[in-house]
Amino acid sequence: MTIYGDDPDPPPSHQLRNTIRRFRRLNKGGSPRQQAVILLGWILIVSAAFRAFRYFLGPSTPLLVCQTPTHERFQHIQLPKTPDKIRLSHTWKTLQGIYDAHPPRPLNLTLKTFDSISEYPPLDAIKTHTTISSEDAQLARQNHVEVTKKLVPYPTELFSGQGIVILAGGRYTAFATTGLGMLREIGSKLPIEVWVKDAEEEREEWCTELAKEGVVCRRLSNYMDTELLEHGYQLKISAIFFSSFEQILFLDADNVPVRNPDTIFTSKSFTDTGVVLWPDYWKHTGTPLLPYIVGLSDGPSEMLREDQTAESGQLVWDKRRHWKHYYTMVSQGWAGWGDKDTFLIALRSLRQDYYMVPHKLKTLFINGTNDGVGMLQADPTNPTAYEPMFLHSNIIKWSIRGFLCVDCAHEAIDPVAVSALENPKSPIHPHLRDHRRIFSLREMKAMNIDPEPSIWRSFEHVACRSFWQNESLCNRTRDHMEQTFGFQFRKGVDDEEQICQEAT
């Protein structure tokens, strides 16, 4: 028989009884000091009562919060207006005529690679990497001056409002489904345009689904001859140009927002300048002839060498205030080559204001490894402290079919050669196989975010209720969510689907 008085840890009910007895003795008149601790006694009684209650009830059941799928809660967002295709195409043809009349010099510039893209090239290598004759450099400078003079004025009647522009198509459409889902998961209420190159890259059934959530698909081929675009990088500026929005948040298809970006448009960083840019890893590697050609210097100059380059996985642009904008000379083919620094060089050349986010980007790694996921960019509305807003997943591309689709290599639409679950060499294979988080929860809590459960909610929608729905993929997705994050899937009133998660 247990003697509770001798038990070093008696049951809470006896602790409660003893506490009440001591408190009654204390509360019978007594000295002022005794009266002063009455409040503390009451606290002890309540605490002991709570412990006794939990003791007799046994282990507590987690409180579940159940909701209908997020996508079904954003069907009130108004679709973006349809641009005036005739007038917009005419504006583009006028611009195209100006560009054709002032061709680049030299007409062809061979893209060479540096010896290494992991080490910043020395100054001598930067100076000699691109060979342009003095005559071509002078003609390029003159053409630049003439083009900027002749650019058509801003067509005020063609663009209006604020919205998000995402460039998809091909394998990037699968990545875009994740970013789109996350935008709604984190509460963005902005209308969205998804641009693709042409009808071949459009998924009509998917676009019909998106229309219910304030998202519209558009084809660049309806506005211009896309055969003129020699590189995929050129699609980005084209989508921004033809978008119906006047003020744009552009996101790459592999960009996964982790905090609601809607507030950027009302932030001082944007309202003061009309442009928000994010830093890249590297300093500038442009040829010294670049400042001369774009009118920043009177001759070859090293003035850009210490400048921070921009990263265009996300950018915010006001077309009204920054209508004028005009590619291998910018970075000479070193790391990060592409469209990204054309925006910054154009702004500097035209002496226009912009806001460069002051916080350095952070690399996000796969939990327990040194393998990167992507670039975590800061919230531009907070100039004093780093708070993450965008995960530009330029290494691990977030796609549920790319993660968990099994035997999908021979599907007629958007086949997946081999998923991460099927590929033992994938750095996230053990996480998917063993139902582990890809991000470190400790690292996420330190930054006051936890995007991974929301990403998987977005995944679940694609796998179970979208154009790409697949029963086995849906079951595999839900199983991972249940075992990794504690999700539960139930039927609610009127047999509606509900996704449940433990309250935090």
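Buried means under 20% relative accessible area, exposed means over 50%, and partly exposed lies in between (1.4 Å probe, protein chains only). By that cut-off Asp414 is buried, because its relative accessible area is 19%. This is a predicted model: local features need pLDDT of at least 70, side-chain atom pairs count only at pLDDT 80 or more, and totals for chains, interfaces and linings use all residues. Residues are numbered from 1 along each chain as its sequence is written, and side-chain values use heavy atoms, with hydrogens and water left out.

**Helix H7 against helix H16**

- Helices (H or I, at least four residues) are DSSP runs, numbered from the N terminus.
- Helix H7 spans residues 172-185 and helix H16 spans residues 452-465; their axes come within 9 Å and cross at roughly 120°.
- That angle makes H7 oblique to H16. Angles under 35 degrees count as roughly parallel, over 145 as roughly antiparallel, 65 to 115 as roughly perpendicular, and the rest as oblique.
- Axes here are lines fitted to C-alpha atoms, for helices over the stretch in contact, and angles run from 0 to 180 degrees between N-to-C directions.
- The crossing of H7 and H16 is right-handed. A crossing is left-handed if the near helix is turned anticlockwise from the far one by less than a right angle, and right-handed if clockwise.
- On the H7 side, the contact uses Thr177, Thr178, Gly181, Met182 and Glu185. On the H16 side, Ser454, Ile455, Arg457, Ser458, Phe459 and Val462 take part. Contact means heavy atoms within 4.5 Å.
- By class, the H7 contact with H16 holds 4 nonpolar, 5 polar and 2 charged residues. Ala, Val, Leu, Ile, Met, Phe, Trp, Tyr, Cys and Pro count as nonpolar, Asp, Glu, Lys and Arg as charged, and the others, Gly among them, as polar.

**Helix H16 against helix H17**

- Helix H17 covers residues 471-485; the axes of H16 and H17 come within 8 Å and cross at roughly 160°.
- That makes H16 roughly antiparallel to H17.
- The crossing of H16 and H17 is left-handed.
- H16 contributes Glu452, Pro453, Trp456, Arg457, Phe459, Glu460, Ala463, Cys464 and Arg465 to the contact. H17 contributes Leu473, Cys474, Thr477, Arg478, His480, Met481 and Phe485.
- This contact has 9 nonpolar, 2 polar and 5 charged residues.

**Disulfides**

- A disulfide is a covalent bond between the sulfur atoms of two cysteines. Here, a disulfide is a pair of cysteine sulfur atoms within 2.5 Å.
- The whole structure contains 4 disulfides. Counting bonded cysteines along the chain, they follow the pattern 1-8, 2-3, 4-5, 6-7.
- Cys464 and Cys474 are joined, S to S 2.0 Å. Cys464 lies in H16 and Cys474 in H17, 10 residues apart, and the pair links distant parts of the chain.
- The S-S torsion of Cys464 and Cys474 is about 100°, so this disulfide is right-handed. Both cysteines are buried.
- Cys66 and Cys500 form another disulfide, with sulfur atoms 2.0 Å apart. The torsion about their S-S bond is about 110°, so the link is right-handed.
- Cys66 is partly exposed at 28% relative accessibility, whereas Cys500 is buried at 0%.
- Cys405 is bonded to Cys408, S to S 1.9 Å. With -70° about the S-S bond, this link is left-handed. Both Cys405 and Cys408 are buried.

**His480**

- His480 sits in helix H17. At 2% relative accessibility, His480 is buried.
- Leaving aside neighbours within four places in sequence, His480 contacts His431, Leu432, His435, Arg436, Trp456 and Phe485.

- Asp414 has phi near 50°, a positive value in a residue other than glycine. Asp414 lies in the loop between helix H13 (400-404) and helix H14 (429-433).
- Asn448 has a positive phi of about 60° and is not a glycine. Asn448 lies in the loop between helix H15 (441-446) and H16.
- Asn448 is exposed, with a relative accessible area of 66%, while Asp414 is buried at 19%.

Terms used: Helix = DSSP H or I, 4+ residues; strand = E, 2+ residues; numbered from the N terminus.
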